[in-house]
Amino acid sequence: MPSAFVDHLIKPLSLSRQFQDAPLTTQTALLTPPGGTKEQLQILLSRLNQPFSAPLVVDTIGSLTQIQRRADLTISKVDSENDVLRAAIISKLLVGLYAEGIDSYLFQATEAETEAEWWADIERSRWNIASYLLQTTPSRLLNLTRAVIHVLRIQNLPVTLSAFTPSSLRNLFPSTSLRQPNALHQVLFPHLRHQSLSITSSAIIFSSTTATLDSPDNIFTSCLRALEPLLSLTRLPVELARQECTFKRRELEKIRDQKAEALGYLAHMRNDLALAIQEPGNIRSCVQTMSRIAEGDIAKAFAPLDFDKGPSPEPLNELLALSTAVFNTQKVEHQRLLESQDLIRPSRLTLIWPRLLLLPLLSIYALRSAYASRASLAELVTDTKATAEGFVKGWLLDPLRDVAKTVRAGSEDGVIVQKEGIAADLASLERMTLSLAKDQLNYSDEQLANLSKQIRVGDLTPVLEIYEEDIRSPLKSAVTGTLLRSVFIQVQKAKVDIDQTLSGIDKLLKSQELTFAFVGVAPAFGIVYLLGGTLMALWSGGRGVGKYGGKRNIRGVWSAMRRTERLLITQPKSRHHKNGGTSGNDTSAITPLTSGLLLLSVARLRTFAEKHLPQRSRLREGFLEDVGDLENPDLGRLDKMKVIERMWRCWGKTLGWGSIAVEGASRA
């Protein structure tokens, strides 16, 4: 079933058709006998609304052929409605096969590109190459064993363990030239069968090590000279494994380019196909061109389409051949090509067998160590549990309860001083002052009431006047006067002032009580957030979970955007046409190879937008509109360059493409 990308690409073909998949009119239905030709054609047309498959196409073409034969044997007048239905069926078959062809080439090119990227990742790192060599060692040894047994049987020699010694292997697989790989090397590294690279050329990388041995003899150089054969023996397989990865990557890139070129030419055929559907007599040329592309004869497909001036016979046989090529031939040939050169990555079991081998050993060692340290581990678990419970209860739940209590009702209690204490100190000051004024100044009740009001506002003028008189003769006043009472009153006044100051500070703290409550619980929330984010990243890392699909998907989209712009600038040349299938003077035209490679990257952009961008958002709609412009074969190179600039400008900051580029530069 064609993908959403292909459905979007062929949508103009459905809109350009003049026929409609409508049922027969009432008058026609009454005049049509049950099981008549019109009814059969209508049934065939409605069946084509199902997903396309090879049996459906074969059955439809067979039914059309039978209907045509019966019509040729029956002498009747020409029915225009039957002709319209027959043309609609053929056009629908052609559009369906066109969509299946594009989808098939897109899938094959994407598969080849994915495998090439995997081999490129292995090729970039010596550690990955060494791991790959270790993972594939059993299969290489198995191939070697089969080859040795095969040669022994051909030479009528017994199969013994001595046949696998180095001397026996040299006798069984003699080298015709020191600079050419023999059959033994080709068994261990099959890529040597397909390239003329000398097996000894990889030893060039060791020339720098050999040059260091020309220095005067000492212990270090003597040791290096003694270990040089062993070092070369270990480095050579790694270098051959790297060459194998390089060879497979290049072969996959060639296959990708071939499929992409066919995909690009099929995309360029969309307008020609729409024109042929408008004039059914011109369908045969399109069918023949698509058949040549499906059969791999792309060189002939670059000739312009030759539309007939008059009607031509219905191309049922050509459609049947095209269906066979689309559904069977090209898929089988593609899979056979990948398997014959062993271009697909190794199986999952081949890649993980070292881990499966080490996992039981490491598990046993870990269990033994854990059992030997069970007491300390139990204590560690207990401490960890107590720490977690204390953290949750003392730093999360209790502060949250305090916050809820503060928000709900607040607290009338003082933080530093209590209002009852302040009132008691003020009342004591008032009593001391009034007693002194009554004893020494003989105040009346009215004067004492006025003095009480002055005390409450902090005015102790009468007491201060008595104090001023007493300090003129301090010794006499201290013994027989009121100096001590005045001093104690001032001490009490200082205490009241301090209480009032603390009360003001207390009110300030009370006004910020909620802030302090959140500040107290904020560190615990920060720890929980960081810990939860780390655990979530470890759990969902590599699975594309995150905003807009996560960094991995955004990094892939950034790479696809960069590659799309690079393709429009460089315009890769086709191997079948010196100008890539376009005229040399048309700088705005896009070659089929460039168009196919462009569609690979654009398909990745569409998949990202449909899976990871928010539904019914302006971001998703605008992004898909731009992707649709890049898919449109009617737009030229310069127009698509402007679309790319618009996408960088509109979506680069939103999707974080700039940070991805900076991150890649910092890692490099």
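## Salt bridges

A salt bridge is a side-chain nitrogen of Lys or Arg within 4 Å of a carboxyl oxygen of Asp or Glu. Welcome to a predicted model, in which local features need pLDDT of at least 70 and side-chain atom pairs count only at pLDDT 80 or more, while totals for chains, interfaces and linings use all residues. Residues are numbered from 1 along each chain as its sequence is written, and side-chain values use heavy atoms, leaving out hydrogens and water.

By the salt-bridge rule, the count comes to 27. One of them pairs Glu244 with Arg140, at 3.1 Å from N to O. Glu244 belongs to helix 10 (residues 219–268) and Arg140 to helix 6 (residues 126–154), so this pair ties together parts that are 104 residues apart in sequence. Helices here are DSSP runs of H or I with at least four residues, numbered from the N terminus. Both Glu244 and Arg140 are buried, where buried means under 20% relative accessible area, exposed means over 50% and partly exposed lies in between (1.4 Å probe, protein chains only).

## Two further pairs and a network

Asp398 forms a salt bridge with Lys393, and their closest N and O atoms are 3.8 Å apart. Asp398 counts as partly exposed because its relative accessibility is 27%.

Next comes the salt bridge between the side chains of Glu430 and Arg456, at 2.9 Å from N to O. Glu430 sits in helix 17 (residues 419–440) and Arg456 in helix 18 (residues 445–456), so the pair ties together parts that are 26 residues apart in sequence. Elsewhere, salt bridges that share partners join Glu113, Glu117, Arg563 and Arg604 into one network.

## A look around helix 18

Helix 18 has twelve residues and reaches 17 Å from its first C-alpha to its last, close to the 16 Å expected at 1.5 Å a residue. That expected span is 1.5 Å times one less than the number of residues.

Which residues of helix 18 are buried? They are Leu448, Leu451, Ser452 and Ile455. These four cover an arc of only 110° around the axis, which puts them on the same side of helix 18; the arc is that of the directions from the helix axis to the C-beta atoms. The buried residues of helix 18 pack against helix 17 and helix 19 (461–470), and contact means heavy atoms within 4.5 Å. On the face turned away from the buried side, you will find the exposed residues Glu446 and Lys453. Helix 18 is followed by Gly458, whose phi is positive, near 90°.

Thr594 is found in helix 24 (residues 592–612). Is Thr594 buried or exposed? Thr594 is buried, because its relative accessible area is 0%.

The side chain of Thr594 makes polar contacts with the side chains of Gln571, at 3.0 Å, and of Thr591, at 2.7 Å. A polar contact is a pair of N or O atoms within 3.5 Å; within protein, one must be able to donate a hydrogen and the other to accept it, and residues adjacent in sequence count only if both atoms are side-chain atoms. Leaving aside residues up to four places away in sequence, Thr594 touches Leu567, Gln571 and Pro572.

## Cysteines

How many disulfides does a search of the whole structure find? The search finds zero, a disulfide being a pair of cysteine sulfur atoms within 2.5 Å. Cys245 is buried, with a relative accessible area of 0%, and Cys286 counts as buried at 0% relative accessibility.

Key:
Helix = DSSP H or I, 4+ residues; strand = E, 2+ residues; numbered from the N terminus.
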